[in-house]
Amino acid sequence: MPARRHRSLSTSSSSSSDSDDSMMSQSHSTSPPTTSPMHKEPKRKKSLQKRARESSDSDTDAKKPKKRTKKRKDSDSGNKPKQKGMSLQEQCLHVARWIPRGVDMFCKLTDVFRVAPLVEQREAAEKADHIEDEQVKSDHEAILKNISKDEEARMMRTYKKITTAAPYLLTLVNGNKKKRRELEGLLTEMQMIIGQVHSEDASHLKPVIGQYAAYDPDDKDLDPPIRANNQRSRAKMGINHPQLARMLCPVKHLGEYLKDPIVTRQKLENGDIKMRALVWPAMVYSGKIAGEHFNPQLVQNGLFEGYLLERVMRHLFTGPSSALCADSESVGTRPCNACLHNMMEVEAENIAYGVIQSRFAIGSRDKWKEEDGTYNYRDAYYRIISTICDAPDRSWAKALHEHWNLKLFKNKLGLRASSSTNTTDDDDDDDFALMQKQYEQRLADEATAQMVSSDSGPGGEELPTPPKSPSVPVTASDGAKSSTSLPPEIPPPSPDPKPQESATSEKPEEQVVSAKEPAVNDFSDLSEPDELDKEPQPPKSKAKRGRICKAVVQSPLPAPKKARTSRKKK
């Protein structure tokens, strides 16, 4: 109903405007337009049209809500605008680009995400955490029966690494049927990306592999040289090239190749010397001539340390600009793969991927394929990983990891240690570490100085321990002596209780003694020890001795002055 009203209103306004125009033309001929009152009506009728449009727009807005802009969304929600980031699906596709380089080069994601959950369910049932139906259990066992233990362990390792990097895949695995269908489509896209990464890395290495294969490309190039984007030069690669054939030759036959290259190359072409994944090619060993220091008694010495492998690893992980640099520092403007995928240290999968790409780059094939004659890249890849991870000599495996961390990240502990400020190889070169050591040394010196000063006197000498002075009892003969705890003016009372008992028993005689013998209570003798030495008093009896001690203790301090004044008057 409101729409019809607006339509009629708009039609009436349009008809009225037409009529107004005719009226305007008539009035224009008769009178000037400023004095005609008809000029105000078109403005009023235009405002009616405007109101009709606004009301019609409000009705259409009620039916179709407008698309809210980003600013309006943020203002409505009251939150700050979010930073641009990848969606959950884009995060999974980003992880797919790292899978061949650092997880599993030849994995099939559909098989991994089909087998790994079954293995987890079986482990949960063994721990009595999950109860399975017998029919379901038999079906799961039938699937896992055809998978070897090594392959099962490899799939579980791949599954954990992928789900750790892309947790959204776990929600799809444990979801409903709709989530499962989404998982299947997402895994298909990720598998396509894995294949694309193989081809991209191989195609990017082909044009520059001639420089990487030469030990010193600035001084001497390969002979014959390999030119980029030249089909004829690529056809001469692999066994057809004398220097590349020497690198592809099994390291056990390298001595034979150095003695007679032509005959040995013919053996390689005819298959008399088989190039298989079971034997290491000379290119993976160190030396100016790759494998020249090979020792059949110590096969692990120099293994996976070749200069060609080092340059290819830098090209793949730290950037092409760092491949030929001595310090492996990239000067490119784009971030390298190690930074994009948070690669903290070199692992066995990274080394294996570098070996496979190096071996394919110096070959004569243009397109990626898992087999090159008798050499199988898949078998060689998994063999390299098992050699490093399951090495009988763990010290060699640890030294190999440190070697590659030092080559790529300039730190044998990896990128995490090189980026942290607390861990350094040499603390003498770290000024902050030196400041911390000096501060700790100063604290230790101050603590020892305080301990020495507490045990010494004011002059710095050690104070002797004071001997224990025994308490001297006061007797009649040495009444002036006292213990060290009391001042010398007041002698302490006698510890003997017998004189005190006699003094308490003879109370009436105490007044007589104090009256007849005033000199006994005279404190002038006690305060002046020189007079006591000059005029010693005669010994007195025990009863008098007790009365004297009690009188000395009980008499107040002003008493000697009274006695002294009374003596002068007499």
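How many cavities of 30 Å³ or more does a search of the whole structure find? The search finds two, where a cavity is, on a 1 Å grid over the protein atoms alone, a set of points where a 1.4 Å probe fits but cannot get out. This is a predicted model, in which local features need pLDDT of at least 70 and side-chain atom pairs count only at pLDDT 80 or more, while totals for chains, interfaces and linings use all residues. Residues are numbered from 1 along each chain as its sequence is written, and side-chain values use heavy atoms, with hydrogens and water left out.

**Overall make-up**

The protein has 28 helices and two strands, taken as DSSP runs numbered from the N terminus, with helices being H or I of at least four residues and strands E of at least two. Of its 570 residues, 32% count as buried, a term that means under 20% relative accessible area, with exposed meaning over 50% and partly exposed in between (1.4 Å probe, protein chains only). Among contacts between residues at least 6 apart in sequence, 62% join residues at least 24 apart, a contact being heavy atoms within 4.5 Å.

**The two cavities**

Lining residues have an atom within 4 Å of a point. For the classes, Ala, Val, Leu, Ile, Met, Phe, Trp, Tyr, Cys and Pro count as nonpolar, Asp, Glu, Lys and Arg as charged, and the others, Gly among them, as polar.

| Cavity | Volume | Lining by class |
|---|---|---|
| Largest cavity | about 50 Å³ | seven nonpolar, no polar, two charged residues |
| Second largest cavity | about 30 Å³ | nine nonpolar, no polar, no charged residues |

The lining of the largest cavity consists of Leu248, Pro250, Met275, Arg276, Val279, Trp280, Pro281, Arg359 and Tyr375. Around the second largest cavity stand Ala277, Val279, Trp280, Pro281, Val284, Val355, Tyr375, Ala380 and Ile384.

**Trp280 and Phe304**

Trp280 is found in the loop between α15 (261–270) and α16 (307–318), and Trp280 counts as buried because its relative accessibility is 16%. Not counting residues up to four places away in sequence, Trp280 touches Pro250, Val251, Tyr285, Val299, Leu303, Phe304, Arg383, Ile384 and Thr387. One of these partners, Phe304, is 24 residues from Trp280 in sequence, with 9.4 Å between the two C-alpha atoms. Phe304 also belongs to the loop between α15 and α16, and its relative accessible area of 0% makes Phe304 buried. The phi angle of Phe304 is near 60°, a positive value in a residue other than glycine.

**Aromatic rings and charges**

Across the whole structure there are 13 aromatic pairs, in which rings of Phe, Tyr and Trp (its six-membered ring) have centres within 6.5 Å, with planes under 30 degrees apart counting as stacked, over 60 as edge-to-face and the rest as tilted. The ring centres of Phe113 and Tyr159 are 5.2 Å apart and the ring planes stand at 70°, so this pair is edge-to-face. Because Phe113 lies in helix α6 (residues 109–126) and Tyr159 in helix α8 (residues 149–165), the pair ties together parts that are 46 residues apart in sequence. Both Phe113 and Tyr159 are buried.

One aromatic cluster is formed by Phe106, Phe360, Trp368, Tyr375, Tyr377, Tyr381 and Tyr382. The charged end of Arg359 sits over the ring of Tyr375, 4.2 Å from the ring centre, and the charged end of Lys206 sits over the ring of Phe360, 5.2 Å from the ring centre; a charge sits over a ring if NZ of Lys or CZ of Arg is within 6 Å of the ring centre and within 35 degrees of the ring normal.

**Other sites**

Ala245 lies in helix α13 (residues 242–248) and, at 1% relative accessibility, counts as buried. Leaving aside neighbours within four places in sequence, Ala245 is in contact with Gly238, Ile239, Tyr257, Arg265 and Leu268.

A cis peptide bond, with omega about 0°, joins Asp223 and Pro224, and Pro224 is placed in the loop between α11 (209–213) and α12 (231–235). Lys410, in the loop between α20 (394–409) and α21 (415–419), has a positive phi near 60° in a residue other than glycine, and Lys410 is partly exposed, with a relative accessible area of 45%.

Methods:
1 Å grid on protein atoms, 1.4 Å probe; cavity = no way out; pocket = protein on both sides within 12 Å on 5 of 7 lines; lining within 4 Å. Points joined across faces, edges and corners; volume = space filled by probe spheres on them.
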